[in-house]
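Trainee: Please take me through one part of this model in detail. I would like the ligand site and the aromatic rings.

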Amino acid sequence: MNAKPSFVIVGGGMAGAIAAQTLREEGFDGKITLLGQEPNAPYERPPLSKDYLQGKADRDSIFVHPEPWYAEHAVELSLGSAVTSLDPATRTVTTATGAQLSYDRLLLATGSKPRRLDVPGADLDGVYYLRNVEDSERLKIEFGQAKRVVIIGAGWIGLETAAAARAAGLDVTLLVSGDLPLQHVLGPEAAPIFDELHRSHGVDLRYRATAAALAGRQGMVTGVMLSDGKWIEADMIIVGVGVAPRTELAAAAGLKIDNGIVVDEHLQTSDPDIFAAGDIAHTYNLRLGRHIRVEHWANARRQGVIAAKAMLGQDEVDVRPSYFFTDQYDLSMEYTGDIGPAGYDRVIFRQHSDAREVIVFWLYEQRVQAGMNINIWDVADDIERLITSGRSINADDLADPAIPLTSLF
Ligand SMILES: Cc1cc2nc3c(=O)[nH]c(=O)nc-3n(C[C@H](O)[C@H](O)[C@H](O)COP(=O)(O)OP(=O)(O)OC[C@H]3O[C@@H](n4cnc5c(N)ncnc54)[C@H](O)[C@@H]3O)c2cc1C
């Protein structure tokens with residue numbers, strides 16, 4: 001490497017911005033170029049389906065760093081710069097405008113893109129996806145004009161936009177592909193919490209419901225035809241059917257791809273000078289002994305740090321359990337942990353006297369794999385300790401809110 005090396009980061013999201021910050025914090029004094037496809041400086045996405053969508057947070061509050069931060073830290077922020085190719089042999093990236101940049105070390109942090117609905121009529125006007133700040137702003141405007149929305153998909157994005165649409169006074173119909181919203185994440189034991197939450201707020205949930213076609217008039221969507229032939233009218237549709245990692249660049253460059261870009265515990269790809277972080281990284285997790293890919297905010301933050309350190313030759317790894325949060329109506333929850341391929345064999349509810357306050361634990365062979373605290377704060381660290389301690393836990397103790405969690409690990 002040269003005396004003053006050049007590091008390039010592709011993708012101006014959470015992972016990319018935190019990596020740039022960490023490089024400077026760790027004393028890196030070479031060149032840092034952050035190439036972002038969007039016109040905006042890196043921002044956080046969670047508010048886009050929550051406070052920002054509901055008009056409770058202003059635009060300035062969503063950015064990872066204030067705009068002057070980049071110049072102050074000599075990070076060359078190149079916005080509206082989509083990288084279109086990567087050549088590991090010459091260590092060069094090329095942008096859509098034909099600009100070429102060479103790197104000594106490269107970080108790929110290109111995130112995810114929403115999966116598209118693949119049914120007739122999916123390209124009608126009035127069909128929305130939510131990934132970027134502009135998507136959120138468009139939805140907010142549309143919420144002020146529409147009366148009926150159908151949301152396709154009952155994952156996190158579908159549920160959070162349902163809550164925002166109800167807050168805006170819309171009639172909301174939510175298409176759930178299975179028996180319950182979030183069933184694939186929370187299982188049949190805990191998913192009813194979110195089912196009841198949305199029903200009690202007036203959302204019309206349709207179970208085992210899939211969209212067969214969207215219909216429209218003069219190019220504008222007017223409703224959804226379900227695969228069982230039922231018809232639901234709508235002024236707008238929101239599609240939340242998951243995301244796919246943006247691995248095109250890496251794949252074309254010949255990097256190893258398998259459910260994302262395959263990286264080791266230091267986030268190094270199959271090319272030793274190229275690293276990957278955030279939603280796109282299928283990371284070897286030393287604690288779990290397997291690769292995992294996580295599409296959550298905290299993972300992007302943590303991996304931005306780890307990737308930057310690895311680019312500098314440091315060997316820090318992240319073995320913390322995954323972490324996720326959501327806010328819907330008056331429910332706030334944090335989820336900590338990773339359910340492995342073996343699944344779980346027991347679910348424990350630690351119910352507090354206020355019926356809205358509960359912690360749910362998922363266990364496998366008496367060891368806590370994951371925990372979800374709802375409307376209870378300052379326990380996520382304890383849940384993390386319960387998981388990482390690997391201790392066999394007495395289920396009665398776990399269920400009893402009078403027994404401090406701290407006494408169990
Ligand atoms: C609406 C919404 C709400 C969310 N809410 C939560 C939540 O409550 N809790 C939670 O834990 N997680 C939440 N998430 C998930 C979380 O935001 C993501 O996990 C996180 O943003 C991933 O960060 P990232 O840096 O990997 O990717 P991204 O944030 O997707 O950033 C990647 C960036 O790279 C750019 N890019 C892509 N390709 C190129 C290219 N070729 N050249 C240049 N730039 C490129 C993209 O335009 C994008 O700006 C939410 C996501 C969304 C969309």
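Mentor: Start with a cut-off. A residue is buried under 20% relative accessible area, exposed over 50%, and partly exposed in between. F325 has 21% relative accessibility, so F325 counts as partly exposed. Y323 has 17%, so Y323 counts as buried. Keep in mind that this is a predicted model.

Now the ligand. The shell around the ligand holds 36 residues. E38, R45, K50, R131 and D279 are the closest. By type, the shell divides into 16 nonpolar, 12 polar and eight charged residues.

A polar backbone atom of F325 is 3.0 Å from an oxygen atom of the ligand. For H296, a polar backbone atom is 3.2 Å from a ligand oxygen. With Q37 the ligand atom is a nitrogen, and the distance to a polar backbone atom is 3.0 Å. How much of the ligand does the protein bury? The ligand exposes 1000 Å² when taken alone, and the protein buries 95% of that.

Next, the rings. A pair of aromatic rings is described by the distance of the centres and the angle of the planes. The count here is nine aromatic pairs. One of them joins Y323 and F325, with centres 6.4 Å apart. Their planes stand at 40°, so this pair is tilted. Planes under 30 degrees apart would count as stacked, and over 60 as edge-to-face.

Y335 and W362 make another tilted pair. Here the centres are 5.5 Å apart and the planes are at 50°. This pair links distant parts of the chain. Y335 belongs to strand β23 (residues 331-337), W362 to strand β25 (residues 358-364). The two residues are 27 apart. Both Y335 and W362 are buried.

Ring pairs also build a cluster. W156, F194, W297, Y323, F324 and F325 are linked in it.

Last, charges over rings. R116 has its charged end over the ring of Y129, 3.8 Å from the ring centre. K140 places its charged end over the ring of Y52, at 4.1 Å from the centre.

Key. Residues numbered from 1 in each chain as written. Predicted model: local features only at pLDDT ≥ 70, side-chain atom pairs only at ≥ 80, totals over all residues. Heavy atoms only, no water. Near = heavy atom within 4 Å. Polar contact = N/O pair within 3.5 Å; in protein donor to acceptor, adjacent residues only side chain to side chain. Areas by Shrake-Rupley, 256 points an atom, 1.4 Å probe, with all protein chains shown as cover. Nonpolar A, V, L, I, M, F, W, Y, C, P; charged D, E, K, R; others polar. Phe/Tyr/Trp six-rings, centres within 6.5 Å; stacked < 30°, edge-to-face > 60°. Buried < 20%, exposed > 50% of the residue type's maximum accessible area, 1.4 Å probe, protein only. Helix = DSSP H or I, 4+ residues; strand = E, 2+ residues; numbered from the N terminus. Lys NZ or Arg CZ within 6 Å of the ring centre and 35° of its normal.
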